[in-house]
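Q: I have a model open and would like to go through the side chains and the fold. Can you take my questions as they come?

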Amino acid sequence: MWYWHSQGKSQKEKVKGGEVGALAFCLCTFAVATLSGCALFAPREGVHLKQATVEELTALLSQREAAIQTMKGLFSAKVRGGIIPIASRMEGALYYRRPNAMRLRGFTAIGSELFEFVQADDQFRLRLPTMGRVLSGSPSDMSEMGKLARPFQLSVWAMGGVLGTGMIAKNETVALEEEGDRYRLEVFGPSPKGGQLMRRRLWIERQTLLVVREDRLTESGAVEATIQYEDFRTIGEAEAISSAGDGRLLRPFKILLEDGKGQGSVEVTFHEMIPNQPLKATDLGQV
């Protein structure tokens, strides 16, 4: 304090005074930290990481899939890199009925319809009003869709995190690895040439046991798409099967999909999700 009242003193005295003041400040800081249990220097209280076996995680994924019987949702999408050659921005609506009936509709900002994609069982139908085209076929063979096949396949994968369709199929096997504050589930499925191939990798946050990232792999093991799930929120009734183990049904309201072939990315932001409400036949459309 005396430094500011010693304007008449020499520069040497001022520097010395500043050093003394700094030393006093450090001593006071140390004393406060000591009296408060060294709170200034103590590490942050450790985050609780849940323990789970591969069987428990597999069962949890199945529970989340079963928790959604139907779903209605409204979302916005930003498309980069021309991955969907219809529009770079769009509004959309999702309709879903377990186990595999889904309808996606895309609109411009002013409400003009861009597309309607309907999938049920082993059939799909894609209607493109702006192009005057209607395409149909099997989800396992979308060759008729040409360049449009890949973007719509990626869109179906992205919605899987919302619908809880990341469950492990009966013909799949799983390996579990720890990666710090995450678990990594490696999912293997049957290969056309026999044996098993890694099809997917799922990263599960150990604080919440929520899937926060998914890699889809090609038969050669290359990453076909990376999907990140963020902004988890509670939806539906509290008594629904829990995604977090505490009576809540959580779903990601933000999905980031990166194309593994470098063709672009899609960012989906949901505005509303309504689970387990009756759907009309017209909601799901017709294949």
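**Working through the model**

Q: Phe270, buried or exposed?
A: Phe270 counts as buried, at 2% relative accessibility. Buried means under 20% relative accessible area, exposed means over 50%, and partly exposed is in between, with a 1.4 Å probe and protein chains only.

Q: Before I go on, what sort of model is this, and what gets counted?
A: It is a predicted model, in which local features need pLDDT of at least 70 and side-chain atom pairs count only at pLDDT 80 or more, while totals for chains, interfaces and linings use all residues. Residues are numbered from 1 along each chain as its sequence is written, and side-chain values use heavy atoms, with hydrogens and water left out.

Q: OK. How many helices and strands in the protein chain?
A: Four helices and 13 strands. These are DSSP runs, numbered from the N terminus: helices are H or I with at least four residues, strands are E with at least two.

Q: How much of the protein chain is buried?
A: Of its 287 residues, 41% are buried. The chain exposes about 15,900 Å², and carbon and sulfur atoms supply 55% of that; the area comes from the Shrake-Rupley method with a 1.4 Å probe.

Q: What share of the contacts comes from residues 24 or more positions apart?
A: 46%, taken over contacts with a separation of 6 or more. A contact here means heavy atoms within 4.5 Å.

Q: Back to rings. How many aromatic pairs does the search find?
A: Two, in the whole structure. One is Phe75 with Phe270, a tilted pair at 5.4 Å centre to centre with 50 degrees between the planes. Rings of Phe, Tyr and Trp (its six-membered ring) pair if their centres lie within 6.5 Å; planes under 30 degrees apart are stacked, over 60 edge-to-face, the rest tilted.

Q: Where do Phe75 and Phe270 sit in the chain?
A: Phe75 is in strand E1 (residues 70–80) and Phe270 in strand E13 (residues 265–275), so the pair links parts of the chain 195 residues apart. Phe75 is also buried, at 5% relative accessibility.

Q: And Phe117 with Phe124, what kind of pair?
A: Stacked, with 6.0 Å between centres and 25 degrees between planes. Both Phe117 and Phe124 are buried.

Q: How many bridges join E1 to E13?
A: Ten, and the two strands run antiparallel. Ala77 has Val268 in E13 as its bridge partner. E1 also pairs with E2 in the antiparallel sense, over nine bridges, and there Lys72 is partnered by Tyr95. Two strands pair if DSSP finds at least two bridges between them.

Q: Which residues touch the most others in the largest nonpolar core?
A: Met71, Leu94, Phe115, Leu126, Met159 and Phe270, out of 54 residues. Helix H3 (residues 149–163) gives the most to this core, with nine residues. A nonpolar core is a set of buried Ala, Val, Leu, Ile, Met, Phe, Trp, Tyr and Cys residues joined through side-chain atoms within 4.5 Å.

Q: What is Leu94 in contact with?
A: Setting aside neighbours within four places in sequence, its contacts include Met71, Phe75, Met102, Leu104, Met159, Leu163 and Phe270. There is a second, separate core of five residues, among them Ala93, Tyr95, Ala101 and Leu279.

Q: Different topic. Which Arg lies over the face of Trp203?
A: Arg213, at 4.1 Å from the ring centre. Likewise, Arg233 lies over the face of Phe253, at 4.5 Å. The test is NZ of Lys or CZ of Arg within 6 Å of the ring centre and within 35 degrees of the ring normal.

Q: Backbone next. Which residues does the cis peptide bond join?
A: Arg98 and Pro99, with omega about 10 degrees. Pro99 is in the loop between strand E2 (89–97) and strand E3 (101–107).

Q: What is phi of Leu209?
A: Near 60 degrees, a positive value in a residue other than glycine. Leu209 is in the loop between strands E9 (196–205) and E10 (210–217), and it is buried, with a relative accessible area of 13%.

Q: What about phi of Asp231?
A: Near 55 degrees, also positive. Asp231 is in strand E11 (residues 223–235) and counts as partly exposed, at 38% relative accessibility.

Q: Last one: where is Ala67?
A: In helix H2 (residues 54–67). Ala67 is buried, with a relative accessible area of 7%. Its C-alpha atom is 8.2 Å from that of Gly164, 97 residues apart along the chain.
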